[in-house]
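Colleague: I have the model open and would like to go through a few spots with you. Could you keep the answers plain?

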Amino acid sequence: MNVCVLGAGTMGHGIAQVSAMGGHDVVLRDVDEAIVESGLEHVRENLQGGIDRGKVTEAERDAAFDRIEGATDLAAVADADLVVEAVPEDEELKRSVLSEVEGHVDDDCVLASNTSSIPVTGIASALADPSRAVGLHFFNPVHIMGLVEVVAAEQTSDATREFAEEFVEGIDKTAVVVEDSPGFASSRLGVALGVEAMRMVQEGVASPRDIDAAMELGYNHPMGPVELGDVVGLDVRLDILEQLREELGERFRPPTVLRKKVRAGKLGKKSGEGFYVWEDGEIVGVSGEEGTDE
C-alpha cells in the first residue's frame with residue numbers, strides 16, 4: 001500500500017515510521033523542507049533506538065527507512081491509497097488540507113485525520129465524498145504506543161471503516177472503534193484525569209511528583225497525568241479542554257494554572273518547562289522549585 005502522511009512533526013514522522021515498518025511505501029510531506037528533513041532524522045533516531053533496545057534489527061531499520069521518502073510538493077499524494085493528515089489541531093486547517101488533497105488522489109483513496117479531539121464529521125463535511133473520511137487517532141510516541149482510535153464520522157462508509165481497521169492491525173497496532181463524539185473515548189477520559197490533576201496542583205493538594213506517583217504506583221499507569229500533560233504539550237491540552245468545554249460543559253473548564261503556563265510559554269517537554277523542568281528529554285526538576293535533580 002502507498003501511504004502519504006501530511007505533516008512531518010511529532011505525530012507525522014511517527015505515523016510514517018510505523019507505516020513503513022508495517023511494509024508500506026510512505027511519503028512524508030510537509031510544506032517546509034527543513035521540517036521534512038527533521039522528521040526523517042527523528043525516524044532515523046527512533047529506529048536506531050529500537051536497535052539499541054533490541055527491538056529492531058539493522059535489516060528491519062534499513063528496510064523501513066528505505067520505504068520512506070520526503071516531499072514538499074502536494075503532488076506526492078497522487079499514488080496514495082491512504083492519506084493521513086497530521087497537521088496542527090485546527091479544524092479549518094484540517095478541512096482545508098484534506099479538501100485540497102481530495103483533488104489530487106484517486107476516488108478510492110481513504111482520507112484520514114489524526115485528530116485527538118476535533119469532530120471528524122465536521123472535517124469530513126469539507127469533502128466532495130465524505131464517505132472516504134475517517135479518524136485515525138495515534139498516540140505519542142507513535143512507534144511505542146500500541147493503540148489507535150478509529151473514529152467513524154457520521155458520513156464514514158462501512159468500507160472505509162473496515163479499511164482503517166485493517167490498516168491499523170497491519171501495522172501491529174490495536175484498533176478501537178468509536179463513534180464520532182467530542183474527545184472520542186481516549187482524549188475525553190485522559191483529559192478529564194489530567195485536568196483534575198492540574199487542579200490538585202493548583203490547590204496545593206499534592207506536588208506534581210506525588211500525584212504522578214499515586215497514579216503510577218497505585219493504578220499502574222505507565223506515566224502520571226501531570227507528566228503526561230507535559231509530554232503531550234500544555235498548549236495541546238488547553239486547546240482540547242476548550243473544545244470539550246464548549247461541547248460538554250463546565251466540567252472541562254481549563255484551570256487557571258494551565259492558562260498561566262501556556263501564556264508564559266511553558267508548554268512542557270517541548271519548551272523545556274511545564275509543570276516539570278526538562279533537559280534533553282528528561283525531567284530534572286519541578287517548575288517553581290529551587291534547584292534541579294542530580
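Colleague: Is Ser287 buried or exposed?

Modeller: Ser287 counts as buried, at 16% relative accessibility, where buried means under 20% relative accessible area, exposed means over 50% and partly exposed is in between, with a 1.4 Å probe and protein chains only. Before we go on, please keep in mind that this is a predicted model, in which local features need pLDDT of at least 70, side-chain atom pairs count only at pLDDT 80 or more, and totals for chains, interfaces and linings use all residues. Residues are numbered from 1 along each chain as its sequence is written, and side-chain values use heavy atoms, with hydrogens and water left out.

Colleague: Where is Ser287, and what does its side chain make a polar contact with?

Modeller: Ser287 is in the segment after strand 10 (282-286), and its side chain makes a polar contact with the side chain of Glu273 at 2.5 Å. Helices (H or I, at least four residues) and strands (E, at least two) are DSSP runs numbered from the N terminus. A polar contact is a pair of N or O atoms within 3.5 Å; within protein, one must be able to donate a hydrogen and the other to accept it, and residues adjacent in sequence count only if both atoms are side-chain atoms.

Colleague: Changing topic, how many disulfides are there?

Modeller: The count comes to 0 disulfides, a disulfide being a pair of cysteine sulfur atoms within 2.5 Å. For Cys4, the closest cysteine sulfur is in Cys109, 8.6 Å away, which is too far for a bond.

Colleague: And are those two cysteines buried or exposed?

Modeller: Cys4 is buried, with a relative accessible area of 1%, and Cys109 is buried with a relative accessible area of 1%.

Colleague: Now the strands: in what sense do strand 7 and strand 8 pair?

Modeller: Strand 7 (residues 147-152) and strand 8 (residues 174-179) pair in the parallel sense over 6 bridges, where pairing needs at least two bridges found by DSSP between the strands. Between them the chain passes through helix 6 (residues 158-170), and this β-α-β crossover is right-handed, in other words, with the strands pointing away from the viewer, the path from the first strand over the helix to the second runs clockwise. Within the pair, Ala152 stands opposite Glu179 of strand 8.

Colleague: Which residues of helix 6 are buried?

Modeller: Thr160, Ala164, Glu165, Phe167 and Val168 are the buried ones in helix 6. They lie on the same side of helix 6, because they cover an arc of only 160 degrees around the axis, the arc being that of the directions from the helix axis to the C-beta atoms. On the other side of helix 6, the exposed residues are Asp158, Ala159, Glu166 and Glu169.

Colleague: What about helix 8, which residues are buried there?

Modeller: In helix 8 (residues 208-218), Pro208, Ile211, Asp212 and Met215 are buried. Their arc around the axis is only 95 degrees, which puts them on the same side of helix 8, while the face turned away from that buried side carries the exposed residues Asp210, Leu217 and Gly218.

Colleague: Last one, what is the phi of Asp172, and what is the phi of Asn220?

Modeller: Most residues other than glycine have a negative phi, and most peptide bonds are trans. Asp172 has a positive phi near 65 degrees; Asp172 lies in the loop between helix 6 and strand 8 and is exposed at 71% relative accessibility. Asn220 also has a positive phi, near 65 degrees, and sits in the loop between helix 8 and helix 9 (225-232). A cis peptide bond joins Asn140 and Pro141, with omega about 0 degrees.
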